[in-house]
Amino acid sequence: MPILAPPTPAQLMRDLPSLDDLRRRARRRIPHLAWEYLDSGTGAEEGLGRNREALSRITFTPRFLRDANAPDLSTALFGRRWAAPFGVAPVGMLGMMWPGAERHLARAAAEAGIPFTLSTVAAESIETVAADHAAAGGAPGGAWFQLYAPTQAEMRRDLVARAQAAGAGALVVTVDVPVGSRRERQRRARVAMPPALSLGLALDLARRPAWVAATLRHGIPRFANLLPYASPAETADITAFLRTSLSHAITRDHLAELRDLWSGPLVVKGLMHPEDAVAAADLGADAVWVSNHGARQLDLAPAAIDALPGVVSALAGRVPVLFDSGLRSGADVARAVALGADMCFLGRAFAWGVCALGAPGAAHAIAILREELASVMTQTGCVALSELRDRL
Ligand code: FNR
């Protein structure tokens, strides 16, 4: 019998009104190594601050003398309307950070009418998540699949075929991981799958009873999309298997091959240079996703938001431009939309929601972003997203 009723959405909005509140609560609730995996950047971690500083420099001049009290947050992409211009970015092993996180987020995104992207290295399979998405009333095509294209052609083709059969609404090919990056914090925290048992880990887990209880209920997280391809010996050392199978440069030939294999919207994720964006469009990409991987790959990459206008102008409307890296609020979403993003994505922020509150945290993070974005639009006198650019 529950001792306390779960908080209502209104109580959550009062007690935890910002994504930063969710971040603080998430940090307390999950094991240190899971936190370090989620939170870290790469190298000296200058890129994390650069993403944030560049965003916070963008200001809007408000316009008054008109009524914008009911702004329209909806937007069009890939032939359908979405309820808001933001979605869930692919985050590997979300299920290690909070058990069942991928499923919670897929259901919440379906209910909210925003895109959800499942990572290749998720803890849940594309089949499970697509079924959850549909069961939650998600419109067809709302669950997307992110591909770290495997080195083995057979595995590559099979993964794409599975995503197609499951009804994934877009294939998001990530190209900004030619090799795993140096993440010093993750080394120090002994991030590994499965984690090595140690006294330190046991003591840490003793302080995270909610996470331990949820993991016992849900089971140990696994690389659910990839296990079918690993032999028993490879399963025993799954990290080495993933390193050899997934870590390599994605070339134009790979993109051309994937374009042939995949009949739906093809998105190329992780581009920063205008010429790469044009090359992706030339190869048949249906959208380009500007990102510096949340400052996790190349620490001396420019702030992703600073790369956005160049890509938007080089593509000149040929294909939509998607964006992520460093977004922490609905105000940040407004900033990226004003600079030309057709759809924005957040990685860490949605993970914070679920780690902080379990399943209700997914819907709460979405509600915060919606409320903040609507507030910025009303405050600046914008009834439609397209007007935001005129407030820069
Ligand atoms: C990621 N990202 C990522 N990207 C991808 O294409 N496939 C993946 O499996 C992952 N995994 C992953 C794990 C974790 C813990 C993080 C934080 C990020 C990158 C992700 O899709 C997105 O580009 C960034 O998270 C955006 O930056 P913010 O929103 O986290 O600042």
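This is a predicted model: local features need pLDDT of at least 70, side-chain atom pairs count only at pLDDT 80 or more; totals for chains, interfaces and linings use all residues.
## Surroundings of the ligand

The ligand has 23 residues around it, and those that come nearest are P90, S119, T174, D324 and G326. By residue class, this shell divides into eight nonpolar, 10 polar and five charged residues.

A side-chain N or O atom of R328 is 2.9 Å from an oxygen atom of the ligand, and for the side chain of S291 the corresponding distance to a ligand oxygen is 3.5 Å. Taken on its own, the ligand has 590 Å² of accessible area, of which the protein covers 99%.

## The pocket that holds the ligand

The ligand takes up space that is the largest pocket of the model, and about 1300 Å³ of space lies in this pocket. Its lining is made up of 43 residues, among which Y37, G180, R183, Q186 and R296 are the closest to the pocket centre. In terms of residue class, the lining comprises 20 nonpolar, 14 polar and nine charged residues.

Several elements of secondary structure contribute to this lining, with at least two residues each coming from the helices α3 (32-39), α5 (94-97), α9 (184-188) and α13 (238-246), and from the strand β10 (343-346). The element that gives the most to the lining of the largest pocket is α13, which supplies four residues.

Methods. Residues are numbered from 1 along each chain as its sequence is written. Side-chain values use heavy atoms; hydrogens and water are left out. A residue is near a molecule or strand if one of its heavy atoms lies within 4 Å of it. A polar contact is a pair of N or O atoms within 3.5 Å; within protein, one must be able to donate a hydrogen and the other to accept it, and residues adjacent in sequence count only if both atoms are side-chain atoms. Accessible areas come from the Shrake-Rupley method with a 1.4 Å probe; for residues, only the protein chains shown count as cover. On a 1 Å grid over the protein atoms alone, a cavity is a set of points where a 1.4 Å probe fits but cannot get out, and a pocket is an open set with protein on both sides within 12 Å along at least five of seven lines; lining residues have an atom within 4 Å of a point. A molecule sits in a cavity or pocket if more than half of its atoms lie within 2 Å of its grid points. Ala, Val, Leu, Ile, Met, Phe, Trp, Tyr, Cys and Pro count as nonpolar, Asp, Glu, Lys and Arg as charged, and the others, Gly among them, as polar. Grid points are joined across faces, edges and corners, and a volume is the space filled by probe spheres set on the points.
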